[in-house]
Amino acid sequence: MESYYRYSVSAFILLYLCVFTIPVVFFNYDHFNPFMNFSNSTLESPGPKFELQRLIVSTSDQIRAIGTSGSTYDHQHLNRNTTLIRETKKLSKEQMLEQGLARARASIRSAAIARIVRTASFMNDNDVLVGDVYRNPSTFYQSYVEMERRFKVYVYTEGELPIVHDGPCKNIYTIEGRFIHEMEHGAKRFRTNDPQRAHVYFMPFSVAWMVKYIYTPLSFDITPLKHFVSDYVKVISTKYPFWNRTHGADHFMLACHDWGPHASQGNSLLYNNSIRVLCNANISEGFNPQKDVSLPEISLIGGYLSPKLIHPPPPNASRPYFAFFAGGLHGPIRPYLLQHWKGRDNDMQVYEYLPKNKDYYSYMLESKFCLCPSGYEVASPRIVEAIYSGCVPVILSDNYVLPFSDVLRWEAFSVQVETTKIPRLKEILSAIPEEKYRKLQEGVIVVRRHFMLNQPPKRFDVFHMILHSIWVRRINARPNSNRS
């Protein structure tokens, strides 16, 4: 009986160690799992499109993560074997890159596991990430640090101005030109001139400038855009080996123009394999959140943030307007919104266009909720404008993957209302308790830094958040083991 008891206790302890030392999750996604697998023929993805909490790790990653749970002899034996292999076979640059990414994955995984016993208290600098707005602040922080330490981007030099190496840096497509400009002329920490050292490859063409310079106005023929993209891919894939090596899976483009997804159809591998960073992040139109990145639409009139938005009022400031919207009748959602709320309720300040004596940003700064309906496409600059204003965004959209959803919990700083419930909009917003509203507004203030477009960029601002979204998709992608 005593022997049996000892055996049962030992078995229980072994089971406990096995269960609680297995490395499991990384980013807690509500919408997507950016897993990719390079292969010679296709880009594979296991599981459903919106599967949560999954990061596939290599065998070597697992050894590093659970090394302390094995015996001392086994751990030393593995280290001796690893050393022997390294001495007898020199790693290629590509293998060294993948080895670095494996270490980064192990480091991030350790931070994810550490969350069980401690929160963000481990962060010792001024960039503390705390609050309900983050899915897992310790994981996000460690991933960001690993990105700063390792991530390298090669920017192709092929192509000529103005369509390549340039883009609009003001007004509705500000983010497109500013990102291209920063990658071309800044980003010294992340840019490499040696393509052999790069984790990803940036194709710096501007879809907005394609529309301006090679599209025939009012023709609605976007074939020239597709041809340009097709020709560009042909040039880089002929001149360099990198595109063909992964069939474009470690390449990315960035576009805020509505026609960005259509332009990417100029090459099927770019459309299906490459990382497409798009404002038009519509899953019903081919946006794949497992590999693509949702880009926040930022409109800076004249290229500068309005002085009124630089220092928004404190959380306890008076906001006399309950809800606000002003904008043209673009797309199917806005006419529906105006049909039900324009001029019908003093609490719902809904306009098609503001009277000349009214100021748009003043309304946002004085409103509790800012209504953000989609226009022709899913993204709207009003979401970021609302965040700048300290106004809780009310997102009225269908099939839209919100920016940075891999690390941010949008439900902690915004309200998402199904477009079919627009007639009940006031009822839905009025049902939010004051305490919850205050928490939403506090969340808006916390995430503001992640949507700020700084010059030069600052840690955790929108430029770095975009890079981090690309980094996440690259770090979860590893070459097929059969590839030479």
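## Where helix 6 meets helix 18

Ile175, Phe179, Glu182 and Met183 of helix 6 touch Val462, Phe463, Ile466 and Leu467 of helix 18. Sorted by class, this contact has 7 nonpolar residues, no polar ones and 1 charged residue. Please keep in mind as you look around that this is a predicted model.

Two packed helices are described by the angle between their axes and the distance between the axes. Helix 6, which covers residues 174-185, packs on helix 18 at an angle of about 80°, and the two axes are 11 Å apart. Angles from 65 to 115 degrees count as roughly perpendicular, so helix 6 and helix 18 are roughly perpendicular to each other.

## The chain as a whole

Let's step back for a moment. The protein chain has 18 helices and 12 strands. Of its 484 residues, 52% count as buried. Among contacts between residues at least 6 apart in sequence, 72% join residues at least 24 apart.

Helix 18 is worth a visit in your viewer. With 14 residues (462-475) at 1.5 Å a residue, helix 18 should span 20 Å, and the 20 Å between its end C-alpha atoms agrees with that. Because 14 of its 14 residues are buried, helix 18 is largely enclosed by the rest of the structure.

Helix 4 is another packing partner: helix 4 and helix 18 pack at an angle of about 105°, with 11 Å between their axes. That makes helix 4 roughly perpendicular to helix 18. On the helix 4 side the contact is made by Glu98, Leu101, Ala104, Arg105 and Ile108, and on the helix 18 side by Trp471, Arg474 and Ile475. By class, the contact of helix 4 with helix 18 has 5 nonpolar, no polar and 3 charged residues.

## Helix 5, packed against helices 4 and 18

Helix 5 (residues 137-150) brings these elements together in one picture, as its buried residues pack against helix 4 (93-114) and helix 18. Since 12 of the 14 residues of helix 5 are buried, this helix is largely enclosed by the rest of the structure. Among the buried residues of helix 5 are Pro137, Phe140, Tyr141, Tyr144, Val145 and Met147, and also Gln142, Glu146 and Glu148.

The length of helix 5 can be checked too. Its 14 residues, at 1.5 Å a residue, should span 20 Å, and its end C-alpha atoms are 20 Å apart, which agrees.

Asparagine 454 sits in the loop between helix 17 (434-447) and helix 18. Buried means under 20% relative accessible area, so asparagine 454, at 19%, counts as buried. Leaving aside neighbours within four places in sequence, asparagine 454 is in contact with Arg178 and Asp461. With aspartate 461 there is a polar contact from side chain to side chain, at 3.2 Å.

## Histidine 251, in strand 4

Our last stop is histidine 251, which lies in strand 4 (residues 251-255). Histidine 251 is buried, and its relative accessible area is 0%. Apart from neighbours within four places in sequence, the residues in contact with histidine 251 are Tyr156, Tyr201, Met203, Ile236, Phe242, Trp243, Ser274 and Ile275.

Key
Residues are numbered from 1 along each chain as its sequence is written. This is a predicted model: local features need pLDDT of at least 70, side-chain atom pairs count only at pLDDT 80 or more; totals for chains, interfaces and linings use all residues. Side-chain values use heavy atoms; hydrogens and water are left out. Helices (H or I, at least four residues) and strands (E, at least two) are DSSP runs, numbered from the N terminus. The expected span of a helix is 1.5 Å times one less than its number of residues. Buried means under 20% relative accessible area, exposed over 50%, partly exposed in between (1.4 Å probe, protein chains only). Contact means heavy atoms within 4.5 Å. Axes are lines fitted to C-alpha atoms, for helices over the stretch in contact, and angles run from 0 to 180 degrees between N-to-C directions. Angles under 35 degrees count as roughly parallel, over 145 as roughly antiparallel, 65 to 115 as roughly perpendicular and the rest as oblique. Ala, Val, Leu, Ile, Met, Phe, Trp, Tyr, Cys and Pro count as nonpolar, Asp, Glu, Lys and Arg as charged, and the others, Gly among them, as polar. A polar contact is a pair of N or O atoms within 3.5 Å; within protein, one must be able to donate a hydrogen and the other to accept it, and residues adjacent in sequence count only if both atoms are side-chain atoms.
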